[in-house]
Amino acid sequence: AFEARTRAAITSKKWREALENCKKWAKDEPFSSRATIEGSFIASSFAWSNEDARALCNFGLIANPNDETLLNYKAVTLIRSGKLDEANTILLDIQNHSVEGTMEPFLPATTGLLHFARGELNKGRESYLKAIDIARKLKAPDSQFRAVIHWIYEEIAAGSLAADEIEKTQKIVDDTANKFRLNPFTLDIWSVMKEKFIGMSRLKS
């Protein structure tokens, strides 16, 4: 029932409602990682609730301590909380395991986020480029697009782009999104990120 309610809320783009149902779903199925993976993703990408995202990751990792998706999401929440050494330890642990398939682009993307948080902009760019290249080779346009928009966000946050450059970049990304057959979920992420871009652009104006 809670999974169905989560799906309905996602369809209606009611992100907070979806998140709350994910929490209930996770408690209802504590040994499955699906609810915690989906919930932490929604918390991080739509509700922008780092605390909720990390709590769901921690809950999911109790039953699934080696789940690479949950570990990666937890690393993201730690980076956003400034706990960079702890995040780095998790990323190194993931690297020691075989990361293949659709998860493969996410490790360098999260590593890129870590580098930007450390002020290592060039290393961050290299990592995001690696993530984009891996996604391209896997023919995973959604992963490729998500890596691009998160990279742009980090560039803006680092002060690398002026207000007019942010607006131009946003239009380019809009055009790119229209050209590819992206998952509606990916387009929803871009919609949320675009609002962030617009807000950051106004602050620079």
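Predicted model: local features only at pLDDT ≥ 70, side-chain atom pairs only at ≥ 80, totals over all residues.

Reader: What is the volume of the largest cavity?
Author: The structure holds 1 cavity of 30 Å³ or more. The volume of the largest cavity is about 410 Å³.

Reader: Of the residues that line the largest cavity, which are the closest to its centre?
Author: The lining of the largest cavity is made up of 13 nonpolar, 8 polar and 3 charged residues. Helices H3 (34-45), H5 (68-80), H7 (106-117), H8 (121-137) and H9 (141-157) each supply at least two residues of this lining. Of the 24 residues lining the largest cavity, the closest to its centre are Tyr73, Val76, Phe106, Thr110 and His150.

Reader: How many salt bridges does the structure hold, and which residues are linked with Glu38 in a network of them?
Author: The structure holds 12 salt bridges. Glu38 is linked in a network of salt bridges with Glu3, Arg7 and Arg34.

Reader: Which parts does the salt bridge of Glu38 and Arg7 tie together?
Author: The closest N and O atoms of Glu38 and Arg7 are 2.3 Å apart. Glu38 lies in helix H3 and Arg7 in helix H1 (residues 2-11), so the pair ties together parts that are 31 residues apart in sequence. The parts tied together are therefore helix H3 and helix H1.

Reader: Which residue forms a salt bridge with Glu155, and is Glu155 buried or exposed?
Author: Glu155 forms a salt bridge with Arg125, with the closest N and O atoms 2.7 Å apart. Glu155 lies in helix H9 and Arg125 in helix H8, so the pair ties together parts 30 residues apart in sequence. Arg125 is partly exposed, at 24% relative accessibility. The partner of Glu155 is Arg125, and Glu155, with a relative accessible area of 9%, is buried.

Reader: What separates Asp133 and Lys137 in helix H8?
Author: The side chains of Asp133 and Lys137 meet in a salt bridge of 3.2 Å, N to O. Asp133 is partly exposed at 29% relative accessible area, and Lys137 is exposed at 61%. Because the two residues are 4 residues apart in helix H8, what separates Asp133 and Lys137 is about one helical turn.

Note on methods: Residues numbered from 1 in each chain as written. Heavy atoms only, no water. 1 Å grid on protein atoms, 1.4 Å probe; cavity = no way out; pocket = protein on both sides within 12 Å on 5 of 7 lines; lining within 4 Å. Points joined across faces, edges and corners; volume = space filled by probe spheres on them. Nonpolar A, V, L, I, M, F, W, Y, C, P; charged D, E, K, R; others polar. Salt bridge = Lys/Arg side-chain N within 4 Å of Asp/Glu carboxyl O. Buried < 20%, exposed > 50% of the residue type's maximum accessible area, 1.4 Å probe, protein only.
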